[in-house]
Amino acid sequence: MKASSRVWTLRLVEKLSGRAVAIAAMALAVSTASAQYEVREWANFEDGKLPENLITIGGGWQQRMQVIPTESATTQPQEFRNPEVGTHVLRLEAAPKRTDAKSWQLGLAVGEVLDRSKLSPNGRALFQADFYVESKEAFPSLAVMAMEPPKNMVNNHVDSIQGSFYRFGITKGDRLYFSQVTPGGDTAKRFEQDRELLQQIPVPGWHRFAIVCEGPEIIRCFVDGREASFSPLKDPSMSSIMVGLLLAEPDKAYVAYADNLSIQVSDEAPALPASPFDAGWSMAAGSSSKAASAGASTAVPTAQVTTQLAAEWLPPVQAWNKAQQDKKGMLLYFYAPGVERVEKVNQMLATDAAAKEYVAKHSAARVDVNQLEGGSIAKKYGIFKVPTFLVISPDAQQYKKVTVGPNDTWQQIEAQLAPL
């Protein structure tokens, strides 16, 4: 869906009037609303290439790290071809021919450097990567990193990581771990592990690993919104950090896959975005995922949708195609799960006869702004508060945008959207 969503978004931008695009561009300066995460960095490899702003890590990376079409990984089961993964993935080859770090470390870092010290006390920055896990007998030694920009690079490359970093992922094939590494140390300054949560991961399938910086001091670690037993942790020592991923395998050779390396930021610490890989878990996201002996801190809540909307709501790509086919106006509903005002609008859309009638007159799509693709679409149109409706005329030359107020009725919302 990622590639087609991007095509749809670009086509829609091209069809909007110049004034509409200008208004959207001006809106980019607006602060992120409390319910939303802003996508600061997102490497999804959908153009079939490595990002231009990347830093590569490890010896022989040109031969061991490539972006490949998803369909070319022919040995993988159907779960590998997840819509969130899209048409291309990052292929990494663990090939430990020697014992030095140049041989068995392989990875990359990408994008902007985030100043963590400037996060508000309630702010949150998510450093994320998606990893494919084939089976419980073949856990890859992959980790997502929040790392200081490497020094002494040659052509944006380092043979091995020399600077400080936080790392969260899988090691030794039997545990999740968090490590904090500082320059000059032979071992990690801090090492925490959780064996139980790793064994709960549904396989085969993709999973989202996240290092969550909460304010300037607290660090939390999640797999698909399930918090590791050793989390939360406290460490304010690293402030300027960027997102990366690392395959660190000194013992055996195999192929691993990763995707959606990203940073999302919010100033007001809303619920964590729901993982797109939530299916198959036997435990709920959030506090129920932590072991009983994990500690006193309450886990970060994850987003939930409590109201089921009618079946006429389509994914954005299908809605766009249907709008073109039926020559209907298109209605986009931008929302974020777990927000009280969104839930109120959901109730309207599910029960109000006038609201149902209005939706039925359009080709309608919902956009979760806290998903990576949804956040990208929202940013494209200057949507920085939810809930918001955007309706576009059948010829795509006119539009109306309405952000719902706390006391708005459906009649007031529809009146603002008229006459489109």
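Before anything else, my working rule: I call two strands paired if DSSP finds at least two bridges between them. This is a predicted model, so I keep that in mind throughout.

Entry 1, E13 and E14. I looked up E13 with strand E14 (residues 226–227), and they pair in the antiparallel sense over two bridges. Valine 223 has arginine 226 in E14 as its bridge partner. The hairpin of these two strands has two residues between them, and aspartate 224 there takes a positive phi near 50°.

Entry 2, E13 and E12. Strand E12 (residues 205–214) runs antiparallel to E13, and I find six bridges joining them. Phenylalanine 209 stands opposite valine 223. This hairpin has three residues between the strands, with glycine 215 at a positive phi near 65°.

Why is strand E13 (residues 218–223) largely enclosed by the rest of the structure? Five of its six residues are buried, so that settles it for me. Buried here means under 20% relative accessible area.

I traced eight strands in the order E8-E2-E5-E16-E7-E9-E10-E11, with mixed pairing. Strand E8 (157–158) and strand E11 (190–194) are the edges, each pairing on one side only. At the E8 end, strand E2 (residues 54–57) runs parallel to E8, joined by two bridges. I logged histidine 157 in E8 as the bridge partner of threonine 56.

How values were computed
Residues numbered from 1 in each chain as written. Predicted model: local features only at pLDDT ≥ 70, side-chain atom pairs only at ≥ 80, totals over all residues. Heavy atoms only, no water. Buried < 20%, exposed > 50% of the residue type's maximum accessible area, 1.4 Å probe, protein only. Helix = DSSP H or I, 4+ residues; strand = E, 2+ residues; numbered from the N terminus.
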